[in-house]
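Let's take a friendly walk through this model together. Please open the structure and keep the sequence beside it.

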Amino acid sequence: LFQADDLERMCVAVCLAAELEPDCGPVIRSLQREGALPTAGFLMKLYGPGADAGHFSSHGVLHRWFLEPGRAGGRETQLEQPLKLRERVVEFALGKWENRKLSAWTSLLFPEKCSLTSLGRREYESWHLGFQKAHAGKLPGQWVFLIGGPEGVGKKTQLVRLAQESGRPVFCADRRRLDPSALRGSWMELIWECKVNQAFLAVEHWNPSDGREEEWGSFFEQASWEGEALIVLSEEAEQVQFFGQHVWKIELSLPDLAEAAELWRFLASGYSWRDPLRAEELAGLFLLPPGQVEEMLAGAWGRAGDGGIGTEEVKAFCRENLSGQSGGSLRRVPLKFGWEDLVLPGLVVRMLKDACAQAKNKYAVYETWGLSEKIAYGTGTSLVFSGSPGTGKTMAAQVLARELGLELFRIDLAAVVSKYIG
């Protein structure tokens, strides 16, 4: 895994024995007439002809990956200094697979067999093809494999898919939780963990807006030195720049209506339902990325308890948790009125009910009937209410929102648009 030769493997084995076997220390002390920890000179003699002192240089495999740094300013020469294995090497040899120092900002995605939504599958196929070529050495240069898209859209799901199809885990590091001042040491530890676990390496939340680009300058220098193809997940993929690196990028987007309905059905299958799920209705009302759909279902389930959940509970939970906070130019409007409160001409009321039916049956109209292919300007519902003050414009909006089970907000247009700025 580390391209260690016979001498280097022997050195690690002897150093490990010196630390773990109580009887080994006295033997080494008697042979080299010094301390219980072996020195480079002792190990070279033990190996015999062909031993080269270059194996113990600061840039060699042993010091880069296995040994604690030597003591600076000591009286011993390089060959006389006692060699001690890094604490993590000893822990791993003892079967402690988790690195506690890294667990605060990394997660290891194992290739476990679990069902995955088909969202992003098409984009993943082309991305995975390039990734395979890079790891097989068929693509020259250093490569970054970038997966872009909004928070919760399924970027990490593609890493799980990669782990499943390759049979190898993926080490995922959260850039937001790592102190840049500790980057170099932590980064070397992470590469070590990737090697011993034979894992791919991914970094999530790589977003230029966090202002940490300069601090992360050594990141790719180190990655290039180790020859690793990196996977980067970003919510700001269009702004990400990698100098001196080749980039293979895919962009994941929010699901369309058909995909959203499939997503609601897929994720809802893990919960107990009191009445049949109306996935198409939820998709038409709440077009959400996979991460948020899972959050909404889990929240509604937690509130409902063992009795199971229903579509109305999910809608209520979505309204409460997706509507945001009032403030500034945004004001929540209470939904006090129903159809019986409207005093409008019959034609206007019928037009309002038609608009409401269009929003309620969006999935049937655009997906089941296939009319989405005929609409080039989007499948949302837009209404313009015109009339003098007090004629019922706000009340009509309240009635529609109440009928659809949505929140209604009033925006002060003068606070967000001006003739100078737009």
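**The lining of the pocket**

Sorted by class, the residues lining the largest pocket are 9 nonpolar, 7 polar and 7 charged; here Ala, Val, Leu, Ile, Met, Phe, Trp, Tyr, Cys and Pro count as nonpolar, Asp, Glu, Lys and Arg as charged, and the others, Gly among them, as polar. This is a predicted model, in which local features need pLDDT of at least 70, side-chain atom pairs count only at pLDDT 80 or more, and totals for chains, interfaces and linings use all residues. Residues are numbered from 1 along each chain as its sequence is written, and side-chain values use heavy atoms, with hydrogens and water left out.

The largest pocket has 23 lining residues, and G154, K155, K156, T157 and G291 lie nearest its centre. A pocket, on a 1 Å grid over the protein atoms alone, is an open set of points where a 1.4 Å probe fits, with protein on both sides within 12 Å along at least five of seven lines; lining residues have an atom within 4 Å of a point. Its volume is about 440 Å³, taken as the space filled by probe spheres set on the points, which are joined across faces, edges and corners.

Which helix gives the most to this lining? It is α7, with 4 residues. Helices α7 (155-166), α10 (257-268) and α12 (290-304) each supply at least two lining residues; helices are DSSP runs (H or I, at least four residues), numbered from the N terminus.

Now follow α12. Its 15 residues should span 21 Å at 1.5 Å a residue, and the end C-alpha atoms are 21 Å apart, which agrees; the expected span is 1.5 Å times one less than the number of residues. Its buried residues (under 20% relative accessible area, 1.4 Å probe, protein chains only) are P290, V293, M296, L297, G299 and A300. These pack against α10 and α13 (311-322), with contact meaning heavy atoms within 4.5 Å. After α12 comes G305, with a positive phi near 80 degrees.

In α13, the buried residues are T311, V314, K315, A316, F317 and C318. They pack against α10, α11 (279-285), α12 and α16 (393-404).

Finally, turn to R88 in helix α5 (residues 87-93). Why does R88 count as buried? Because its relative accessibility is 10%. Leaving aside neighbours within four places in sequence, R88 is in contact with K96, W97, E98, N99, W192 and E193. The side chains of R88 and E193 are joined by a polar contact of 2.5 Å, a polar contact being a pair of N or O atoms within 3.5 Å where, within protein, one must be able to donate a hydrogen and the other to accept it, and residues adjacent in sequence count only if both atoms are side-chain atoms.

Notes: Buried < 20%, exposed > 50% of the residue type's maximum accessible area, 1.4 Å probe, protein only.
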